[in-house]
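Here is a short report for a reader new to this protein. Look over the sequence and the model first, then read on.

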Amino acid sequence: MQNTNILWADDEIDLLKPHILFLNDKGYHIATATNGNDALEIFKTKDFDLVFLDENMPGLTGLETLTEIKNINPDVPVVMITKSEEEYLMEDAIGSKIDDYLIKPVNPKQILLTIKKLIDNKRLVSEKTSMAYQQDFRTLGMTLNDNLTYQEWIDVYKKLVFWELELEQLEDAGMREIITMQKAEANMQFCKFIEKNYLGWIKNQDTAPTLSHQLFKKKVFPLLSPNVPVFFILIDNLRYDQWRIINPIITEYFRLEEEDIYYSILPTATQYARNAIFSGLMPSEMETRFPDKWQNDEEEGGKNLHEAYFFDDQIKRMLRKDIKHSYHKILTFDQGKDLNDSLNNLMDNELNAIVYNFVDMLSHARTDMQMIRELANDDAAYRSLTLSWFEHSPLLELLKKLSQKKVRVVITTDHGTIRVKSPSKVIGDRNTNANLRYKQGKNLNFIAKDVFQIKNPHDALLPKLHVSSSYIFAKEDTYFVYQNNYNQFVNYYNETFQHGGISLEEVIIPIATYKNK
């Protein structure tokens with residue numbers, strides 16, 4: 001604040017001496033001018049942090065002076081001060097991009113408040129945010145050691161994401177490092193929680209959170225109405241924090257009716273989690289019911305080619321009748337545009353399911369393309385890329401069109417993703433799957449502390465390919481690497497975004513319901 005320079009131009013500047021002395025006492029340096037021409041000459045001679053301009057001065061008017069100041073340096077905040085409350089003056093000033101507007105007579109505290117709002121705001125917000133997080137840090141730290149329920153883990157994760165997004169706005173790298181460390185601690189405890197409870201949830205689903213295969217039954221089918229189509233939009237690989245940053249754009253067009261959370265099944269991979277959503281079944285149940293459709297890890301062919309078929313079957317099985325519905329998978333920009341063009345054809349359906357694959361493609365592109373790695377070099381940049389895609393996507397155009405019709409919209413995902421940092425050696429035979437966050441196979445050899453092992457896949461309603469088959473899931477930010485070409489593998493995949501294992505980011509999934517305004 002001691003280095004804050006302010007220029008104040010007013011033809012009655014002598015009458016403002018008490019105000020200037022007051023601000024000097026507060027540590028601000030004030031340069032003065034009695035007309036617009038002098039103000040511009042002074043403005044060119046040094047760097048100013050803020051300008052106060054009287055609207056009615058001899059020679060150049062305040063608005064004319066404002067235009068010249070913005071031509072010299074458009075980033076300096078300018079406050080217009082005037083005796084007039086005429087609406088056209090306010091509109092002219094606002095149209096000329098003033099930063100604030102004060103009506104004479106002004107008092108010193110009013111001036112001080114304006115300065116703090118425009119100059120000190122960032123510092124004050126930073127200090128307050130840091131202090132508030134420090135208080136919550138202690139509370140969160142104690143909470144993590146409690147025997148939390150699945151709902152309490154949801155609350156913890158939401159709070160961690162809240163602080164991650166708040167602290168991201170600050171220039172305090174130290175505070176960002178602390179939230180990263182606390183999130184890592186939370187993930188360690190969360191993995192223990194999943195290890196302790198997951199198989200119990202599968203055995204007795206009445207005690208479990210909503211899981212992937214229950215999503216339509218619990219969250220979507222109850223919304224169905226013959227007169228109000230439901231649009232179920234699944235953005236593949238969308239984490240809760242990514243949903244949080246696109247939600248403000250969605251709520252420009254819709255009312256958020258319900259923000260909810262469900263838990264992804266294991267593995268938190270598209271082949272398992274998304275097929276479970278559309279079939280309403282766990283993986284081993286899908287294998288039994290659809291022996292010609294379900295693809296196991298070691299089988300050739302695509303693993304997500306039959307979602308529309310699974311979806312049809314679930315609707316008939318759960319609702320005990322067929323309803324008019326549709327399923328679309330959007331992989332390209334043009335496919336998104338084509339869907340938007342045919343929107344009127346979907347309005348006769350009770351339920352429309354749309355899968356958007358962009359975020360999943362982004363995470364894979366970040367692994368394979370150096371340019372994307374550099375653009376998304378941390379979680380904040382990854383969120384930013386997601387936001388940029390959404391702002392220019394056919395999906396947003398679709399939502400804008402839907403906001404003009406009477407519909408319900410559900411937005412969710414199938415699993416999240418985590419930036420991996422800790423390699424862990426694993427050995428398996430040639431049929432072991434390639435995913436970096438889970439392995440399924442015979443006689444797996446691994447570092448026990450890094451994994452959650454399910455020795456009998458049927459306990460988790462997972463396919464059991466061989467008598468000795470088991471599943472292992474990477475915990476926290478671990479990723480599996482093979483002994484061969486270990487260093488090359490580590491260098492290639494370190495700090496890439498992966499899914500399939502156990503972390504808050506992968507397992508705790510947003511599902512939001514919207515209605516028209």
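Buried means under 20% relative accessible area, exposed means over 50%, and partly exposed lies in between (1.4 Å probe, protein chains only). This is a predicted model: local features need pLDDT of at least 70, side-chain atom pairs count only at pLDDT 80 or more, and totals for chains, interfaces and linings use all residues. Residues are numbered from 1 along each chain as its sequence is written, and side-chain values use heavy atoms, with hydrogens and water left out.

## Overall picture

Of the 517 residues of the protein, 52% count as buried. The C-alpha trace spans about 95 × 55 × 40 Å along its principal axes. The protein has 20 helices and 19 strands. Helices (H or I, at least four residues) and strands (E, at least two) are DSSP runs, numbered from the N terminus.

Contact means heavy atoms within 4.5 Å. Take the contacts with a separation of 6 or more: residues 24 or more positions apart account for 74% of them.

The accessible surface comes to about 23,800 Å², and 48% of this belongs to carbon and sulfur atoms. Such areas come from the Shrake-Rupley method with a 1.4 Å probe; for residues, only the protein chains shown count as cover.

There are 60 positive and 75 negative side chains, and the centres of the two sets lie 7 Å apart. Here Lys and Arg count as positive and Asp and Glu as negative, while His and the chain ends are not counted. The place of a charge is taken as NZ of Lys, CZ of Arg, CG of Asp or CD of Glu.

## Cores

A nonpolar core is a set of buried Ala, Val, Leu, Ile, Met, Phe, Trp, Tyr and Cys residues joined through side-chain atoms within 4.5 Å. Which residues have the most contacts inside the largest core? They are Phe232, Tyr263 and Phe278, in a core of 101 residues. Helix 7 (residues 173-203) gives the largest share of this core, 10 residues. A second, separate core has 19 residues, including Val51, Leu53, Ile69 and Val76.

Glutamine 189 also lies in helix 7. Glutamine 189 is buried because its relative accessible area is 17%. Beyond its neighbours within four places in sequence, glutamine 189 is in contact with Leu144, Asn145 and Trp153.

Helix 9 (residues 240-250) is mostly covered, with nine of its 11 residues buried. Among them are Tyr240, Trp243 and Ile250.

Helix 12 covers residues 307-319. The expected span of a helix is 1.5 Å times one less than its number of residues. For the 13 residues of helix 12 that gives 18 Å, and its end C-alpha atoms are 18 Å apart, which agrees. Glu307, Phe310, Phe311, Asp313, Gln314 and Ile315 are buried in helix 12. The buried residues of helix 12 pack against helices including helix 8 (215-220) and helix 10 (270-279), and against strand 8 (325-330) and strand 9 (351-356).

## Loops and a strand

Proline 463 sits in the loop between strand 15 (451-454) and strand 16 (469-474). Its relative accessibility is 0%, so proline 463 counts as buried. Proline 463 is in contact with residues including Tyr272, Trp294 and Asn296, leaving aside neighbours within four places in sequence. Asparagine 296 lies in the loop between helix 11 and helix 12. Asparagine 296 counts as buried too, at 8% relative accessibility.

Threonine 32 is found in strand 2 (residues 29-33). Threonine 32 counts as partly exposed, at 37% relative accessibility. Threonine 32 and tryptophan 8 are 24 residues apart in sequence, yet 4.9 Å apart in space, C-alpha to C-alpha.

## Backbone angles

Most residues other than glycine have a negative phi, and most peptide bonds are trans. The table lists some exceptions.

| Site | Feature | Value |
|---|---|---|
| Lysine 104 to proline 105 | cis peptide bond | omega near -5° |
| Leucine 266 to proline 267 | cis peptide bond | omega about -5° |
| Asparagine 237 | positive phi | near 75° |
| Arginine 320 | positive phi | about 60° |
| Asparagine 443 | positive phi | about 50° |

Asparagine 237 is in the loop between strand 6 (230-235) and helix 9, and is buried at 0% relative accessibility. Asparagine 443 lies between strand 13 (438-442) and strand 14 (445-446), and is exposed, with a relative accessible area of 64%.
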